[in-house]
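Here is a short briefing on one chain.

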Amino acid sequence: RPEETVLKGIDIIIPSKKLTALVGPSGAGKTTMTALLMGFYKPGSGSIIFDGKPAEQFSLSALRKQIALVPQDIFLFGGTIRENISYGKPGATEDEIQDAADKANALEFIDQFPKKLDTLVGERGTQLSGGQRQRIAIARAVLKDPCILILDEATSSLDSESEKLVQEALEKLMKNRTSIVIAHRLSTIRKADQILVMEKGSVVETGTHQELINVPNGIYRNLSELQFAG
């Protein structure tokens with residue numbers, strides 16, 4: 001729908017090897033921002049620049065090779081756990097797959113299956129729990145070893161034990177990597193290097209957790225007070 005303006009007046013820098021969080025109400029434009037980075041859409045005006053070069057100078061395949069996305073709704077293929085992890089890097093060795101599963105805190109449940117990595121996950125991963133699917137997706141991203149990691153924070157629907165394991169795996173994956181997190185729960189992004197608060201397609205506040213929490217009547221401050229009051 002080219003006549004619909006979704007994002008407007010966006011002028012931001014996402015620093016290399018740091019964690020940037022996107023925060024804001026539903027419909028603020030957070031997912032659209034990440035879709036633009038992945039090249040799913042082209043901006044109607046302005047440009048996206050990677051390492052000083054406009055995005056148009058890179059082929060889509062070259063760009064997407066450098067980006068891994070861990071979405072909120074994990075998509076698994078109806079094959080084995082091994083096949084689903086190695087999708088992140090076709091031709092990966094057994095050791096690489098094992099190492100990725102280990103870093104994603106996934107071996108903990110994989111090793112309990114009689115067929116281990118050769119366990120069938122079922123159509124769309126139905127044989128696995130939500131937390132297990134998340135960790136397979138994280139293992140896939142670990143194996144890909146991307147320059148840029150995009151996370152549509154997906155721990156909100158997990159039980160506390162799974163959430164802890166997934167959160168630990170995500171923190172390992174984000175270390176020393178350019179990471180962009182769409183944050184639904186503010187408790188998970190308190191340590192972000194930069195938080196971008198979005199509203200109605202614009203970035204309306206920028207800063208660290210501490211800086212934003214001190215803005216009188218600020219959107220982030222209000223969101224934070226609402227979440228932590230509950």
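Helix α4 passes helix α6 in a right-handed crossing. This comes from a predicted model.

**Packing of α4 with α6**

- Helix α4 spans residues 94–103, and helix α6 spans residues 130–144.
- Their axes come within 8 Å and cross at roughly 125 degrees.
- The two helices are therefore oblique to each other; angles of 65 to 115 degrees would count as roughly perpendicular, and those over 145 as roughly antiparallel.
- From α4, the contact draws on Glu96, Ile97, Ala100, Ala101 and Lys103.
- From α6, Ala139, Val142 and Leu143 take part.
- By class, the residues of this contact are six nonpolar, no polar and two charged.

**Packing of α6 with α7**

- Helix α7 covers residues 160–174.
- The axes of α6 and α7 come within 10 Å and cross at roughly 10 degrees.
- An angle under 35 degrees counts as roughly parallel, so α6 and α7 are described that way.
- On the α6 side, the residues are Gly131, Gln134, Arg135, Ile138, Ala141 and Val142.
- They meet Ser162, Leu165, Val166, Ala169, Leu170 and Leu173 in α7.
- This contact divides into eight nonpolar residues, three polar and one charged.

**The loop between α4 and α5**

- Asn105 lies in the loop between α4 and α5.
- Is Asn105 buried or exposed? Asn105 is buried, with a relative accessible area of 13%.
- Beyond its neighbours within four places in sequence, Asn105 is in contact with Arg135, Leu165, Glu168, Ala169 and Lys172.
- Asn105 has a positive phi of about 55 degrees, although it is not a glycine.

- Leu107 sits in helix α5, residues 107–110.
- Leu107 counts as buried at 17% relative accessibility, because the cut-off for buried is under 20%.
- Setting aside neighbours within four places in sequence, Leu107 is in contact with Gln98, Ala101 and Asp102.
- Leu107 and Phe77 are 30 residues apart along the chain, and their C-alpha atoms are separated by 19 Å.
- Lys116 lies in the loop between α5 and α6.
- Lys116 is partly exposed, at 39% relative accessibility.
- Lys116 has a positive phi of about 45 degrees and is not a glycine.

**Aromatic rings**

- How many aromatic pairs does a search of the whole structure find? The search finds four.
- One of the pairs joins Phe109 and Phe113.
- The ring centres of Phe109 and Phe113 are 6.2 Å apart, and the angle between the planes is 80 degrees.
- The pair counts as edge-to-face, because its plane angle is over 60 degrees.
- Phe109 is buried, at 4% relative accessibility.
- Phe113 is partly exposed, at 22%.
- Phe75, Phe77 and Tyr87 form one aromatic cluster.

**Helix α1**

- Helix α1 runs over residues 30–37 and is mostly covered.
- Six of its eight residues are buried.
- They are Lys30, Met33, Thr34, Ala35, Leu36 and Leu37.
- Gly39 follows α1 and has a positive phi, near 80 degrees.

**Ser224 in helix α9**

- Ser224 is placed in helix α9, residues 219–229.
- The relative accessible area of Ser224 is 4%, so Ser224 is buried.
- Apart from neighbours within four places in sequence, Ser224 is in contact with Leu186, His209 and Ile213.

Technical notes
Residues are numbered from 1 along each chain as its sequence is written. This is a predicted model: local features need pLDDT of at least 70, side-chain atom pairs count only at pLDDT 80 or more; totals for chains, interfaces and linings use all residues. Side-chain values use heavy atoms; hydrogens and water are left out. Rings of Phe, Tyr and Trp (its six-membered ring) pair if their centres lie within 6.5 Å; planes under 30 degrees apart count as stacked, over 60 as edge-to-face and the rest as tilted. Buried means under 20% relative accessible area, exposed over 50%, partly exposed in between (1.4 Å probe, protein chains only). Axes are lines fitted to C-alpha atoms, for helices over the stretch in contact, and angles run from 0 to 180 degrees between N-to-C directions. Helices (H or I, at least four residues) and strands (E, at least two) are DSSP runs, numbered from the N terminus. A crossing is left-handed if the near helix is turned anticlockwise from the far one by less than a right angle, and right-handed if clockwise. Contact means heavy atoms within 4.5 Å. Ala, Val, Leu, Ile, Met, Phe, Trp, Tyr, Cys and Pro count as nonpolar, Asp, Glu, Lys and Arg as charged, and the others, Gly among them, as polar.
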